[in-house]
Amino acid sequence: MTPAIELHKLCKSFGDVEALQNVDLTVQEGEFIALIGPSGCGKTTLLRHVLSLEEATSGEITVGGEHPEKVRRSNKLGIVFQRAALVPSRTSLENVQMTLDITGVKTPLSPEGLLDQFDLSEFKGHYPHQLSGGMQQRVNIAAAMVHNPPYLMMDEPFGALDEMTREFMCEFMGEVLLENPKTTILVTHSIDEAVMLADRIVILAPRPGRISTIVNVDFPRPRRREIKTQSAFADKVLEVRKLLYAVEAA
Ligand SMILES: Nc1ncnc2c1ncn2[C@@H]1O[C@H](COP(=O)(O)OP(=O)(O)OP(=O)(O)O)[C@@H](O)[C@H]1O
Ligand SMILES: [Mg+2]
């Protein structure tokens, strides 16, 4: 196992608010981490440190052994936020291709192939306003992945989508990552989503924000949504829910 992202005693305060306190976490290469915890516990703040959008008060963070800013500047990070960030005057395909123009990477994935994989074959020539919210977010994720970054950071990417679309998105993501493995951190409020996708679920506790528990998820891949009908899946969701409630009650 090769460590890919390492947080060492990461602390971040905003004035009196201790957003992160002594966060130690090693994410292995190709590993999928889901970050879960009550609102305001520091999930976005943690992700923003990995993206070098926030400077730590103290502690260290490295991505592939390097400073996160260097990694971001070399286009090795894929970023997806809750709302799709598409250019309205460009088609789905053009929006995805735009990432390649910006990054200029030599070994991209195929934009067409990625849109096919996300079930958007018939919508490559459509403009964002002609797409549903779920479709827009699929284009958004394709745009974040097309330059094939080794690291993928996602902050509630499916948060604005309905339950059914979310389930499909989880399947699509799982499939795409099986073919193109990446070290991924997903911030989510959905325990189902975390169990569907993650190798490990990191539960954060609030005030101060710190790691409470880490839960392993060992289900084989690919994980199809039918897995949700199995009792082992329900047991894992229950285990995480109980831990989360305990954190909220503390
Ligand atoms: N730029 C900032 N200035 C001041 N305080 C901030 C800033 N960013 C975050 N905080 C505070 O840090 C704490 C953690 O915020 P963060 O956005 O990381 O939470 P979160 O876990 O992502 O919450 P949510 O689930 O609601 O998105 C909160 O108390 C928030 O008010
Ligand atoms: Mg957040």
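**Chat about a predicted chain and its ligand**

Student: Where does Leu 86 sit?

Tutor: Leu 86 lies in the loop between β5 (77-80) and α3 (92-103), where helices (H or I, at least four residues) and strands (E, at least two) are DSSP runs numbered from the N terminus. This is a predicted model, in which local features need pLDDT of at least 70, side-chain atom pairs count only at pLDDT 80 or more, and totals for chains, interfaces and linings use all residues. Residues are numbered from 1 along each chain as its sequence is written, while chains are lettered from A and ligands numbered from 1 in the order in which they are written.

Student: Is Leu 86 buried or exposed?

Tutor: Leu 86 is buried, because 22 other C-beta atoms lie within 10 Å; the cut-offs are 20 or more for buried, 12 or fewer for exposed, and partly exposed in between, with C-beta atoms placed from the backbone.

Student: And what does Leu 86 touch?

Tutor: Leaving aside residues up to four places away in sequence, Leu 86 touches Asn 95, Pro 128, Gln 136, Val 139 and Asn 140, a contact being two C-beta atoms, placed from the backbone, within 7 Å. The C-alpha atoms of Leu 86 and Gln 137 are separated by 8.9 Å, although the two residues are 51 apart along the chain.

Student: Switching to the ligand, which residues surround ligand 1?

Tutor: Ligand 1 is surrounded by Phe 14, Val 17, Ala 19, Gly 37, Ser 39, Gly 40, Cys 41, Gly 42, Lys 43, Thr 44 and Thr 45, with a residue counted as near when its C-beta atom, placed from the backbone, lies within 6 Å.

Student: Which element gives the most to that shell around ligand 1?

Tutor: That is α1, with 3 residues; β2 (17-28) and α1 (43-50) each supply at least two.

Student: What about the core, which residues touch the most other members?

Tutor: In the largest nonpolar core, which has 63 residues, they are Ala 34, Leu 35, Ala 142, Met 153, Ala 194 and Leu 197. Such a core is a set of buried Ala, Val, Leu, Ile, Met, Phe, Trp, Tyr and Cys residues joined through C-beta atoms within 7 Å. Helix α5 (residues 133-145) gives the most to this core, with 6 residues.

Student: Which residues does Leu 35 touch?

Tutor: Not counting residues up to four places away in sequence, Leu 35 touches Lys 43, Leu 46, Ile 185, Leu 186, Val 187, Val 202 and Leu 204. Lys 43 also belongs to the surroundings of ligand 1.

Student: How many helices and strands does the chain have?

Tutor: The chain has 8 helices and 9 strands, and buried residues make up 37% of its 250 residues.
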